[in-house]
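Open the model in your viewer and keep the selection tool at hand. We will go stop by stop.

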Amino acid sequence: MTVHPSLQSSIDAWTHSIEAIAELVTPLVEGEWSRATDLPGWSVRDVVSHVIGLECEMLGDPRPIHTLPRDLYHVRSESARRMEVQVDVRRHHTAPEMLSELEYTVIRRSRQLRNETRQPDTVVRSPLAEDRPLDFVLQQRAFDVWVHEQDLRRALGKPGNLDSPGAHLTRDLLLKTLPGVVTKRAQAPADSAVVFDVSGPLEFMRTVRVDSEGNGTINGSVSLGPTVTLALDWDIFHRLACGRVRLATVAEQIKIDGDQELAAAILDNFAVTP
């Protein structure tokens, strides 16, 4: 038995991003591990701790028994508390300790993925404490690791990999959310069409069409006379969708043609990750 072909793209994307993270943080001096990231309350060390912790959970390691401090202002939900445990337990680890654990975790996890023989629809426990199909969980891990790679790159001033395998996987997952953003969140009217024209390292154009019953579909065909067109860079697109930047900060870099009110509603509801 070998890895199922449908799982390979997620594994490849995960591998590319996790190795990029290791390459980014290996040369850091102690103080650089404390640099702030776009994530409230999280430093470079915290982001790497989060990645290590969730991969350890995928390996089946027991979760740490750890009581969080009461003064963590950025922890506002039960899911956030769950994520914070793996982070806070490593907050006083030194740079060599972080690098050693990251390297060991990547080796173990890579071996596990190389030897994966389960079917894509096998139900597994995800790091979010949910029972999900294996293919979904592997996609989510590749997505999460690429997004955190970008968090680290921005914090360290080392941009790159905006068109990597992880970027392509992230694009595909985010595109699946657009019909819901347009119809359920932004309440686009029936028989409308919204075009997303994305430029930069990853270029694509997609149209979300809303039918007479308010249901949305997405495809790559061109819409004649769309209700609204949003033109923006891929870096801004994924940062908005992943809640990494406030709309007011990048609004001037987004070109809007058509229904301004609908465009505002879409952009105000664009973030799809907690």
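The tour starts at the sheet and then visits some salt bridges.

This is a predicted model: local features need pLDDT of at least 70, side-chain atom pairs count only at pLDDT 80 or more, and totals for chains, interfaces and linings use all residues. Residues are numbered from 1 along each chain as its sequence is written, and side-chain values use heavy atoms, with hydrogens and water left out.

Select the 5 strands of the open, mixed sheet, in the order 5-4-3-6-7. Strands are DSSP runs of E, at least two residues; helices are runs of H or I, at least four; both are numbered from the N terminus. Two strands pair if DSSP finds at least two bridges between them. Strand 5 (216-219) and strand 7 (255-258) each have a single partner strand, so one side of each has no neighbour in the sheet.

Next, show strand 4 (residues 204-210): 4 bridges join it to strand 5, antiparallel. Here T207 stands opposite N219.

**Salt bridges.** The cut-off is a Lys or Arg side-chain nitrogen within 4 Å of an Asp or Glu carboxyl oxygen. The count is 21.

Select R91 and D46: their N to O distance is 3.2 Å. R91 sits in the loop between helix 3 (78-88) and helix 4 (95-114) and D46 in helix 2 (residues 44-58), so the pair ties together parts 45 residues apart in sequence. D46 is buried at 4% (buried means under 20% relative accessible area, exposed over 50%, partly exposed in between; 1.4 Å probe, protein chains only).

Move to E55 and R141, a salt bridge at 2.9 Å, N to O. E55 is in helix 2 and R141 in helix 5 (residues 134-156), 86 residues apart.

Finish with D38, D151, R154 and R244: salt bridges that share partners join them into one network.
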